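Look at the model shown below before reading on. The report that follows goes through its confidence, its helix packing and a few backbone details.

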Amino acid sequence: MRRRPLAWTAVTVAALLLAGCSDGTPDGTGTDERSPEATATRSYPPSSPPVTIPAVRKFESARGPGWRPGSGSRVVADPDGPLADEARTVAAELDLPRHDGPARRGDLELAIDREQKGGAEAYRLTTRDGRVRITGSNDAGVFYGTRTVLQVLRTEGTVPEGTVDDRPDRAQRGLMLDIARKHFTPEWIEARIREIADLKFNQLGLHFSDDQGFRIESDSHPEIVSEQHLTKKQLRRILDLAKRLHITVIPEIDSPGHLGAVLRAHPDLQLRNAQGVPVRGAIDITKPRSAELVDELLREYSGVFPGRYFHLGADEYRALMAENPEAAYPGLAAQARRDYGSAGRVQDLATAWLNNRAETVRKAGKRPKAWNDGFFSGGSVRPDEDIEVEYWTGKEIGARPPAEYLREGRKLVNLNDEYLYYVLGEPNQFTYPTGERIYKSWTPAVLRGTEPVPAALSGPDRVLGGRLAVWCDLAGAQTEAQVATGIRMPLRAVAQKLWDPRKPSVSWTEFRKLADRLEAEREERPGG
């Protein structure tokens, strides 16, 4: 016996009673065998927009019974075509058979339309004649259309008659997990991938190397790997799930700072200050072997992660956090003068280090990213123009405002620590972000503090998107379950603000109630 695909609500029952049937069709089977003339005589009120997170951006209402899966429903797509994975996924979620078509009444049809406008993540969802058809120019858009169908079925029971035209405002929408300071189980990470995919996110960052741990199995340097770590077999499963759900996983190996776990196995490469004291987490960038070691790791994991990006970190190199780096680190200062003349500074060495690591991942087919405090003004060396800036703070020594990067023509991704940093234990005056605050006052233009950059600098072609970041500074402060609960509403608020640039049309209270309804119904979803 097939399980009921999705739980019903009182709202669902009322809607179906209005439609005069149990299935959105006269005979309750998901198909209507009556003549078109007879069906056309039915009178239905104009349909209401689908209710989802994030909200759909455009809906054209129509009159009709809408659609929900019945006993004769199928998911229709070419089994050998570009939507085979999407069809397999949504068919399992709805507990429906797959078929290669042609589509008939009662079916959910997926199709590619190369002429469709709006970009690779746009989709059109048409509910008409007793069936649903989702089209997009790319498989990603069609996948997001299936997320809309699932959410609407959970909250309303019936996909409303009419046409949805939907697309994201920002190209990069994600969650970042610090799995270096705190080990997260692969099952927990997979659960987060499913969660963010339902919210139409498309990125998951994995910060897996820091002072506290190196958390992914390494073939090139097994000596640096922490006892608790992900095996490559576990990682491949995570990556396979992410690929199927259109999530790009972005690896991060932070350098030249935050390398404590690596340096424990290579203490000869650790930076020392003027007094000869080892500096926590900092590698000595004057030593050729330092670059060789980090590049070996970058090349290894570039071959493991299939996505287009590699995050290089570049933040909080302690030599550059000193009031006078040249005096505090005379060895670095001397090397800078040798390389760049009498005006050479420690920041030039660090910038050259970043550029060289960027070239390493570029040769491996990746696009480099780095934190904003790894980009310096002035100096003899400039950061490569193609390195994407991940802007997180304006609180560091010498931090530059985001508008400076944008006026230089750089692309930014928003990880504003005022709103988007979930730091375990709330050290250093951090407080846990709330979904309500994000929903009411954050936008992609608010890159630093609480004030937006000028509108002319904050369009989707300049500020590419944003991510909620989970940092595990005090790893024992929360369990996995507590982290999942804590980030639940911030994730949903971020999803809304990155998908639709307009002011939300519903209050925070209504938004929260919708999220609760979706969560309750999601627990009943097969395979959920």
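Over which residues does pLDDT stay under 50? In this predicted model, that stretch is residues 1-41, for which the model has 69 contacts beyond four places in sequence. Here pLDDT is the predictor's confidence in each residue, from 0 to 100, and contact means heavy atoms within 4.5 Å. The protein has a mean pLDDT of 92, and 90% of its residues reach 70 or more.

Residues are numbered from 1 along each chain as its sequence is written, and side-chain values use heavy atoms, with hydrogens and water left out. Because the model is predicted, local features need pLDDT of at least 70 and side-chain atom pairs count only at pLDDT 80 or more, while totals for chains, interfaces and linings use all residues.

**Helix packing**

Two packed helices are described by the angle between their axes and the distance between the axes. Axes are lines fitted to C-alpha atoms, for helices over the stretch in contact, and angles run from 0 to 180 degrees between N-to-C directions. Helices (H or I, at least four residues) and strands (E, at least two) are DSSP runs, numbered from the N terminus.

| Helix pair | Angle | Distance between axes |
|---|---|---|
| Helix 5 (residues 186-198) and helix 14 (residues 480-499) | about 15 degrees | 12 Å |
| Helix 3 and helix 4 | about 10 degrees | 10 Å |

The contact of helix 5 with helix 14 has seven nonpolar, no polar and five charged residues. Ala, Val, Leu, Ile, Met, Phe, Trp, Tyr, Cys and Pro count as nonpolar, Asp, Glu, Lys and Arg as charged, and the others, Gly among them, as polar.

Helix 3 and helix 4 are also roughly parallel to each other. From helix 3, E86, T89, V90, E93 and L94 meet D139, F143, T146, R147, L150 and L153 in helix 4. This contact divides into five nonpolar, two polar and four charged residues.

Helix 3 (residues 84-94) is mostly covered, with eight of its 11 residues buried. Buried means under 20% relative accessible area, exposed over 50%, and partly exposed in between (1.4 Å probe, protein chains only). Besides helix 4 (139-155), the buried residues of helix 3 pack against strand 2 (75-76), strand 3 (98-99), strand 4 (108-112) and helix 6 (232-244).

**A buried loop residue**

L420 lies in the loop between strand 16 (412-414) and strand 17 (421-423). With a relative accessible area of 0%, L420 is buried. Among the residues that L420 touches are I438, W442, L468 and V494.

**Backbone details**

Most residues other than glycine have a negative phi, and most peptide bonds are trans. D95, which follows helix 3, has a positive phi near 60 degrees. H246, in the loop between helix 6 and strand 10 (248-255), has a positive phi near 60 degrees, and H246 counts as buried at 16% relative accessibility. For E426 the positive phi is near 55 degrees, and E426 is partly exposed, with a relative accessible area of 34%.

A cis peptide bond joins I53 and P54, with omega about -5 degrees. The bond from G101 to P102 is cis, with omega near 5 degrees.

Note on methods:
Angles under 35 degrees count as roughly parallel, over 145 as roughly antiparallel, 65 to 115 as roughly perpendicular and the rest as oblique.
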